[in-house]
Amino acid sequence: MRKAAPDVLAAARAQRRDLAEVLRLLIAEKVTGRDAATRRFRRHSANFPTGKTLAS
């Protein structure tokens, strides 16, 4: 969200968007980031073998 906020806010000012729309966009970005972080954490915690192929 921190990476996207300056771009979203600049575009919102230029396009004169409604505050509710800006907040919706920022919250959606936050949710996407949290989902990605949770996915990375769970994959790391699962200790899946990495770098292996079916042939080996």
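Biologist: Why is L23 called partly exposed?

Modeller: In this predicted model, L23 has a relative accessibility of 43%. Buried needs a value under 20%, and exposed needs one over 50%. The value for L23 falls in between, so L23 counts as partly exposed.

Biologist: Where does L23 lie?

Modeller: L23 lies in helix α2.

Biologist: What makes L19, L23, I27 and V31 a nonpolar patch?

Modeller: Patch residues need over 30% relative accessible area and no salt bridge, and nonpolar side chains are joined within 5 Å. L19, L23, I27 and V31 form such a patch on the surface. Together they have about 380 Å² of accessible area. With 3.6 residues a turn, residues three or four places apart in an α-helix point the same way.

Biologist: How do you know that the span of α2 agrees with its number of residues?

Modeller: The helix has 28 residues. The rule takes 1.5 Å times one less than that number, so α2 should span 40 Å. Its end C-alpha atoms are 41 Å apart, which agrees.

Biologist: What comes just after α2?

Modeller: N47 does, with a positive phi of about 55°. The segment that holds N47 follows α2, which covers 19-46.

Biologist: Why is N47 called exposed?

Modeller: Its relative accessibility is 62%. The cut-off for exposed is over 50%, so N47 counts as exposed.

Biologist: How far apart are N47 and R2 in sequence and in space?

Modeller: They are 45 residues apart in sequence. From C-alpha to C-alpha, N47 and R2 are 30 Å apart in space.

Biologist: What is the phi of R16?

Modeller: It is near 55°, a positive value in a residue other than glycine. R16 sits in the loop between α1 (5-15) and α2.

Biologist: Why does R16 count as exposed?

Modeller: R16 has 77% relative accessibility. Exposed means over 50%, so R16 qualifies.

Biologist: How many helices and strands are in the protein chain?

Modeller: There are 2 helices and 0 strands.

Biologist: How do you know that the chain is more spread out than a compact globule?

Modeller: Its radius of gyration is 18 Å. For 56 residues the globule rule gives 10 Å. The value is well over that, so the chain is more spread out than a compact globule. Along its principal axes, the C-alpha trace spans about 55 × 20 × 15 Å.

Biologist: What share of the residues counts as buried?

Modeller: Of the 56 residues, 9% do. The chain exposes about 5300 Å², and carbon and sulfur atoms supply 56% of that area.

Methods:
Residues numbered from 1 in each chain as written. Predicted model: local features only at pLDDT ≥ 70, side-chain atom pairs only at ≥ 80, totals over all residues. Heavy atoms only, no water. Helix = DSSP H or I, 4+ residues; strand = E, 2+ residues; numbered from the N terminus. Buried < 20%, exposed > 50% of the residue type's maximum accessible area, 1.4 Å probe, protein only. Patch = residues over 30% accessible without salt bridge, like charges linked within 9 Å, V, L, I, M, F, W, Y side chains within 5 Å. Areas by Shrake-Rupley, 256 points an atom, 1.4 Å probe, with all protein chains shown as cover. Salt bridge = Lys/Arg side-chain N within 4 Å of Asp/Glu carboxyl O. Rg over C-alpha atoms; globule rule 2.2 N^0.38 Å.
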